[in-house]
Amino acid sequence: MKTRVCIFLFMTVVNPLSLLCYQPNFLWNGKQCAVVLTYDDGLVVHLTNVIPLLDSVGFKGTFYIPPSFPDFQRHVEEWKRVAATGHELGNHTLFHPCNSSLPGREWVPMEYRLECYSMKRISDEIELANFILTTLDGKKSRTFAYTCGDRMVGTVSYHEVIEYNFPAARGVGGNGVTYAEIDKYNIPSVVVNGQSGDELIAHVENALQNNHLVVFLFHGVGGGHAYNCSLDAHRALISYLNQRKNVIWVAPLVEVAEFLKQKVLVR
Ligand SMILES: [Zn+2]
């Protein structure tokens with residue numbers, strides 16, 4: 001024991017920088033990694049199965065809502081209350097257009113084929129969705145999630161519309177990323193569909209090891225959508241995050257975007 005103490009003292013006196021080797025890297029708002037919990041499409045199960053659990057441990061999520069969806073409209077007063085308690089209402093366009101020419105997209109209504117939109121139409125739809133969400137939460141800033149992960153109208157990217165209106169945008173698919181790797185206008189996300197709690201937690205463990213930002217993309221939780229996460233798996237992930245609050249920063253994407261903006265300003 002004496003020898004170990006002597007070695008430690010020798011290292012720190014001779015080379016104070018060696019102390020840094022014992023420090024984890026607290027890049028993310030003073031934590032080792034950042035986790036964003038996002039939930040798409042304004043589903044009723046988010047109100048019943050997700051928000052009470054997040055609130056019980058003090059986590060705030062990002063909920064991407066297309067205001068034209070009837071389920072959202074039927075529960076608009078509840079969503080107002082959700083926003084008032086600090087959850088983010090994210091923009092997910094008005095009518096949720098997607099590119100119908102891709103495989104498995106037969107369900108896209110003719111009127112909302114993204115490949116047939118003009119730049120003006122997608123811009124109007126996104127700005128009107130922002131206006132509606134602002135009437136609910138009073139917020140001037142929120143993030144965007146690409147519907148079906150599609151980022152083109154016809155053959156042209158609509159990134160300029162997104163960069164003009166939002167501090168950041170979430171993509172569909174991918175894993176955790178380091179601070180240096182982040183493309184703020186296409187942040188990757190882990191698409192959740194059928195994984196176990198352990199599989200979801202493995203993404204966070206990886207983020208802890210590598211100082212990553214990891215964004216989860218949920219649809220159904222305990223049902224409510226073809227893409228589903230079981231209640232058990234969701235609860236296991238939230239419980240894991242809650243037990244490691246001291247090293248994991250859990251925040252809505254708009255807060256992470258604001259943090260990234262500040263980091264750029266102080267660089
Ligand atoms: Zn969606």
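Predicted model: local features only at pLDDT ≥ 70, side-chain atom pairs only at ≥ 80, totals over all residues.

Visitor: How many helices and strands does the protein have?

Guide: There are 9 helices and 13 strands in the protein. These are DSSP runs numbered from the N terminus, with helices being H or I of at least four residues and strands being E of at least two.

Visitor: What share of the residues is buried?

Guide: Of the 267 residues in the protein, 46% are buried. Buried means under 20% relative accessible area, exposed means over 50%, and partly exposed is in between, using a 1.4 Å probe and protein chains only.

Visitor: And what does the accessible surface come to?

Guide: The accessible surface of the protein is about 13,100 Å², and 57% of that belongs to carbon and sulfur atoms. Such areas come from the Shrake-Rupley method with a 1.4 Å probe; for residues, only the protein chains shown count as cover.

Visitor: What about contacts along the chain?

Guide: Taking contacts between residues at least 6 apart in sequence, 72% join residues at least 24 apart. Contact means heavy atoms within 4.5 Å.

Visitor: New topic. Which residues are the protein donors of the zinc ion?

Guide: They are Asp41 through OD, His92 through NE2 and His96 through NE2, at 2.1 to 2.2 Å from the zinc ion. Donors are N, O and S atoms within 2.8 Å of the metal (3.2 Å for Na, K and Ca), and water is not among the atoms, so sites may look incomplete.

Visitor: How are the donor residues spaced in sequence?

Guide: The spacing is D-x50-H-x3-H. Asp41 and His96 link distant parts of the chain, 55 residues apart. Asp41 is in the loop between strand S1 (33-40) and helix H2 (44-57), and His96 is in the loop between strand S3 (88-91) and helix H5 (119-137).

Visitor: Are those two buried or exposed?

Guide: Both Asp41 and His96 are buried.

Visitor: Which strands pair with S10?

Guide: S1 pairs with S10 in the parallel sense over 6 bridges, and Val36 stands opposite Val215 there. Strand S8 (residues 177-178) pairs with S10 in the antiparallel sense over 2 bridges, with Thr178 having His212 as its bridge partner. Strand S9 (residues 190-191) is parallel to S10, again paired over 2 bridges, and Val190 stands opposite Phe216. Two strands pair if DSSP finds at least two bridges between them.

Visitor: What do S9 and S10 make with helix H7?

Guide: S9, helix H7 (residues 197-210) and S10 make a right-handed β-α-β unit. A crossover is right-handed if, with the strands pointing away from the viewer, the path from the first strand over the helix to the second runs clockwise.

Visitor: How many salt bridges does the structure hold?

Guide: It holds 9 salt bridges. A salt bridge is a side-chain nitrogen of Lys or Arg within 4 Å of a carboxyl oxygen of Asp or Glu. One of them joins Asp40 and Arg170, with the closest N and O atoms 2.8 Å apart. That pair links distant parts of the chain, Asp40 in strand S1 and Arg170 in strand S7 (residues 169-170), 130 residues apart.

Visitor: Why do Asp40 and Arg170 count as buried?

Guide: Asp40 counts as buried because its relative accessibility is 2%. Arg170 counts as buried because its relative accessibility is 0%.

Visitor: What about Lys80 and Glu77?

Guide: Their closest N and O atoms are 3.4 Å apart in a salt bridge. Both lie in helix H4 (residues 76-84), 3 residues apart, about one turn of the helix. Lys80 is partly exposed at 33% relative accessibility, and Glu77 is partly exposed at 45%.

Visitor: Last one. Where does Gly173 lie?

Guide: Gly173 is in the loop between S7 and S8. Leaving out residues up to four places away in sequence, Gly173 touches Pro188, Ser189 and Val191.

Notes. Residues numbered from 1 in each chain as written. Heavy atoms only, no water.
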